[in-house]
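Biologist: Hi! Could you walk me through this one? I'm still learning how to read these pictures.

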Amino acid sequence: MTENISEKPRVMLVSVDIGQYDAERSVEELKALCDTAGAEVTMVVTQKRPSYDGATCIGSGRLEEMASLCESMEISQIIFDCELTATQIRNIEDVTNTHTIDRTMLILDIFAQRAVTREGKLQVELAQYKYRLPRLAGMGVSLSRLGGGIGTRGPGETKLETDRRHIRQRIGYLEAELKEIKTRRELMRKRRKKDGVLCAAIVGYTNAGKSTLLNALTDAGVLAENKLFATLETTSRAILLPDGRSVTLIDTVGLISRLPHQLVEAFKSTLEEAASADVIIHLMDASSDYSDEEKAVTNEVLGELGCAGIPIIPVYNKCDLLPQVTPGHDGAVFISAKEKTGFDELLDAIAKALPETARRMKLMLPFSEAGLLAKIREEGNVFSEEYTADGIAVDALVDIKLCSRAQAYRQKD
């Protein structure tokens, strides 16, 4: 009989509800994370408690039940919907004899799968080391007995157990490498500002459809899947706005509730694209039952990044999944990136929110103002020009610095 090596690992999810957050919603999110990681959720165990048990997180009676279920249902992994200490992991594994990880380790594993660029891989590796280093002392021999499965991608486990000095040196190296990349990224941002390049950052909860939107507007070819954290890499593409100006759209990594602080820190240079943007497109999943909570998570992170003062356009995506759309009063735009509907309203909203750097004008320039026309060509964009008996008829995007001079020759629309 041939073993099916592609079979998904069977996992048990465990939620210990102490009233800190919406446990039911968090478990649904954990299921989606497991799907992204390639695991099959076999069952969910929940328990309400006033606080986490210091030794095993969950009650001893329920833990014994879990041990029996793991054996009878051939469960290969237990995933807790909260952060576990090294001692808790060791104790749970001793009772259940089943590989155990927590929510943070699962998210780190997904990031390890999804990272493609050198920067992304460095960021994930740094986050994994920083998470695991303080837990080494309590893990004992459990690290060395780990096999394959969810939560084991990335740094070698035996290295983590045997050589803390190596890990600290590696963390130092990774931080230095990422600092260099961050410096280059900041130089690119400054160059964009100096060259007058307008930028719009697309931010939002994971799986809101950011990559789908970027692809639909620009044919960027970014991987877009109906999974959490489908893409981690920053992608930027230029598009033309209705007023004739060009704006660079920047896709950013998706956010999630209780995103591990190691990942927020590691991906800060990527997320900071939003803080340097001229306008922020806050993309939300209109079909989500938790859109208000997801909106709050994104707003909290934007606040931490220092985005106050940057215009934010609320954009509700996936409106094709709703029976009807009821516009709100917050200036929101309603679109379907999949069906490519609502794009005209979105592009108009972006154009209005951006600082006025240029103005589209129809001019009748006298031949003596050929020098002004040359400057308009150099600083702006000429859509059409026609030499007539009265002068040069021009339809152009005029740089704001030249508008006052050009105003004298403006024709009525």
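Modeller: Happy to! Let's begin with a term: a residue is buried under 20% relative accessible area, exposed over 50%, and partly exposed in between. Keep in mind that this is a predicted model.

Biologist: Okay, so how does Asn207 count on that scale?

Modeller: Asn207 has 23% relative accessibility, so it counts as partly exposed. You'll find Asn207 in the loop between strand S5 (198-204) and helix H9 (210-218). Its phi is positive, about 70 degrees, although Asn207 is not a glycine.

Biologist: What about Lys318, where is that?

Modeller: Lys318 sits in the loop between strand S9 (312-317) and strand S10 (333-334). Lys318 is not a glycine either, and its phi is positive, near 65 degrees.

Biologist: And is Lys318 buried or exposed?

Modeller: Buried, because its relative accessibility is 15% and the cut-off for buried is under 20%.

Biologist: Switching topic: which residues make up the patch of negative charge?

Modeller: That surface patch brings together Asp22, Glu24, Asp292 and Glu293. Glu24 belongs to helix H1 (residues 23-37), and with 61% relative accessibility it counts as exposed.

Biologist: Nice. Now the strands: how do S12 and S13 run?

Modeller: Antiparallel, with six bridges joining S12 (residues 381-387) to S13 (residues 392-399).

Biologist: How many residues lie between S12 and S13?

Modeller: Four, and the two strands form a hairpin. In the turn, Gly391 has a positive phi of about 145 degrees.

Terms used. Residues numbered from 1 in each chain as written. Predicted model: local features only at pLDDT ≥ 70, side-chain atom pairs only at ≥ 80, totals over all residues. Heavy atoms only, no water. Patch = residues over 30% accessible without salt bridge, like charges linked within 9 Å, V, L, I, M, F, W, Y side chains within 5 Å. Areas by Shrake-Rupley, 256 points an atom, 1.4 Å probe, with all protein chains shown as cover. Salt bridge = Lys/Arg side-chain N within 4 Å of Asp/Glu carboxyl O. Lys, Arg positive; Asp, Glu negative; His and termini not counted. Charge placed at Lys NZ, Arg CZ, Asp CG, Glu CD. Buried < 20%, exposed > 50% of the residue type's maximum accessible area, 1.4 Å probe, protein only. Pairing = 2+ DSSP bridges.
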